Amino acid sequence: MNMKHSQDDILVLDHIHTFIGQFHILEGVSVRVPKGSITVLLGRNGAGKTTTLKSILGLTPPQEGKVIFEGIEIQGKRAYDVANLGIGYVPEHRAIFRALSVMENLKLAERKKGDFDRNSDFIFDLFPDLKRLYKLPGNHLSGGQQQMLAVARALVPDNKLLLIDEPSEGLAPILIQQMMEAIRVLSEKTTILMVEQNFIMASQLAQKFTIIDDGQSVQEGMMSDLVNDTDMIHQYLGASIKTRKELEMEHGSQ
Ligand SMILES: Nc1ncnc2c1ncn2[C@@H]1O[C@H](COP(=O)(O)OP(=O)(O)OP(=O)(O)O)[C@@H](O)[C@H]1O
C-alpha cells in the first residue's frame, strides 16, 4: 500500500510486522490516522485488527516497521510509557472490573491524581446512566452499561488519541445508536482509531478506513468512497459485514 505521510497525521504505522509466539501475525500493516478524524480498521475475523491496536500500544510490540505518534517513533516503548504519551485504549469484550463499583472503575482509570474530577462532567454528560449507577458494582450493570463504562474509563485521563476495539459488540440497536452518538461527541476532542465490524456504524462514523486482510493492510481511503464500492466490500469484508437486517435478527426487537 502506498503511504503518503502528512504533517496532519497524529499516528502513522509504517509496514509493521508483529509476531505472537512463533506466529507471524502482522506482515506489513501501514495505517495513517489524520488528527481530528475517526479512522476505522476493517477486515474479516482474524485479519489482525486487534493485533494492530495492541502493536501501537506496545502490548504486542512490532519487531519491524515504525509506529510514529506526533512525529516521534514510539515502537519499542513499554505500554505504560505509550499510555503516558496520551494514547487511551478501550479493549474489546467490555474490559471493566466487575466486582468494583462504577466509581471505583472510573477512579482506577486515573493516570494522575485529579484526572477523574477534571473530566467527570464530560463523562457523565456523555453517559448519564453511569452517574445514576455510580455506586453499583460492574456486574450489576447491563451489557450495554458495561460497554459504556469501558469507554468511560478511557476518558478519565486526557488523551490525544483513543484506540477503541469493537464498541458496538453485542449491543442492541438502540444502544448502538447511543454509543455512536457518544463516539461522535468524543471525536470532537480526541482523534479516534477504532475497530468496528458493524459496517453501518463504521460507515456513519468514520471519515477514513484501512482494510486489513490476512495480516496486511491492503486498502485505505475515504469511507464515503468505500460505501459505494461494492466490489471492494465483497472482496475484503464479505462475511464480516453485518447489515442492518442481520443486526435486527441478532437482537430481535430490543
Ligand atoms: N495470543 C495469540 N496466540 C496465537 N495467535 C493469536 C493470538 N492472538 C491472536 N492470534 C491470531 O492472530 C490473528 C489475528 O488476530 P486479531 O485478534 O488481531 O484479529 P482481528 O482482525 O481483530 O479479528 P476479530 O475480529 O476476530 O477480533 C488471528 O489469526 C488470531 O488467531
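**A sheet and a ligand: a guided visit**

Visitor: Which backbone atom lies 2.8 Å from an oxygen atom of the ligand?

Guide: Welcome! This is a predicted model, and we start at the ligand. Among the closest of the 14 residues around the ligand are Gly48, Lys49 and Thr50. A backbone N or O atom of Gly48 lies 2.9 Å from a ligand oxygen, and the 2.8 Å distance belongs to a backbone N or O atom of Thr50.

Visitor: How much of the ligand does the protein bury?

Guide: The side chain of Asn45 also takes part, with an N or O atom 3.4 Å from an oxygen atom of the ligand. Taken alone, the ligand exposes 640 Å², and of that the protein buries 59%.

Visitor: Which element gives the most to the shell around the ligand?

Guide: The shell divides into four nonpolar, six polar and four charged residues. Two elements give two or more residues to it: β2 (23–34) and α1 (49–57). The one that gives the most, with three residues, is α1.

Visitor: What is the bridge partner of Val90 in β7?

Guide: Strands β6 and β7 (residues 161–165) run parallel and are joined by four bridges. In β7, Val90 has as its bridge partner Ile164.

Note on methods. Residues are numbered from 1 along each chain as its sequence is written. This is a predicted model: local features need pLDDT of at least 70, side-chain atom pairs count only at pLDDT 80 or more; totals for chains, interfaces and linings use all residues. Side-chain values use heavy atoms; hydrogens and water are left out. Two strands pair if DSSP finds at least two bridges between them. A residue is near a molecule or strand if one of its heavy atoms lies within 4 Å of it. A polar contact is a pair of N or O atoms within 3.5 Å; within protein, one must be able to donate a hydrogen and the other to accept it, and residues adjacent in sequence count only if both atoms are side-chain atoms. Accessible areas come from the Shrake-Rupley method with a 1.4 Å probe; for residues, only the protein chains shown count as cover. Ala, Val, Leu, Ile, Met, Phe, Trp, Tyr, Cys and Pro count as nonpolar, Asp, Glu, Lys and Arg as charged, and the others, Gly among them, as polar.
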